[in-house]
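Here are my notes from a look through the model. Have the structure open as you read.

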Amino acid sequence: MRNFNIKHTISDTLKIPKDVSLGAMILTVTGNREVFVENYKGIIEYTCEEIRLQAKHNQVLFQGSNLCIEYYTNEDMKISGIIHQISYL
C-alpha cells in the first residue's frame, strides 16, 4: 500500500494523469444506459444482471437488467443495458 501512496503523490506532483501513472480504470457513464470502460484487466463474471471486471487494484461490479457487452478489446469495452448500480469492490 505504501508503494501506491508514493505513486499517487508523484502523480499529483507531476500532474500525470492517474490512468497513466497508476493504471486506473476509466469509466465514462452515459445516463443509466451505457458505460465505456478503459484500462480493465479482465472479465470475471458476465450475466444479464451483473458484469464484474478486474481492474489493477480492485474490481468493479455493474448491476442492472439486460446488461450486454457490446464490444471489447484488450484496452476498452462498451457495456449497455439498464444500469442500476456501479460498485467498487
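Why does I43 count as partly exposed? The points below start there.

1. I43 counts as partly exposed because its relative accessibility is 38%; buried means under 20% relative accessible area, exposed over 50%, and partly exposed in between (1.4 Å probe, protein chains only). I43 sits in strand β3, residues 42–46. Strands here are DSSP runs (E, at least two residues), numbered from the N terminus.

2. A quick caveat: this is a predicted model, where local features need pLDDT of at least 70 and side-chain atom pairs count only at pLDDT 80 or more, while totals for chains, interfaces and linings use all residues. Residues are numbered from 1 along each chain as its sequence is written, and side-chain values use heavy atoms, leaving out hydrogens and water.

3. Y46 is in strand β3 too, and it counts as partly exposed because its relative accessibility is 43%. Leaving aside residues up to four places away in sequence, Y46 touches I51, L67, C68 and I69 (contact means heavy atoms within 4.5 Å). Its side chain also reaches the backbone nitrogen of I69 at 2.9 Å.

4. Now the strand pairing, which takes at least two DSSP bridges between two strands. β5 (residues 59–72) and β6 run antiparallel, joined by 10 bridges, and a hairpin connects them through 3 residues. Y71 has K78 in β6 as its bridge partner.

5. β6 (residues 76–88) also pairs with β2 (residues 34–38), antiparallel over 5 bridges. There, V35 stands opposite I79.

Methods. Helices (H or I, at least four residues) and strands (E, at least two) are DSSP runs, numbered from the N terminus. A polar contact is a pair of N or O atoms within 3.5 Å; within protein, one must be able to donate a hydrogen and the other to accept it, and residues adjacent in sequence count only if both atoms are side-chain atoms.
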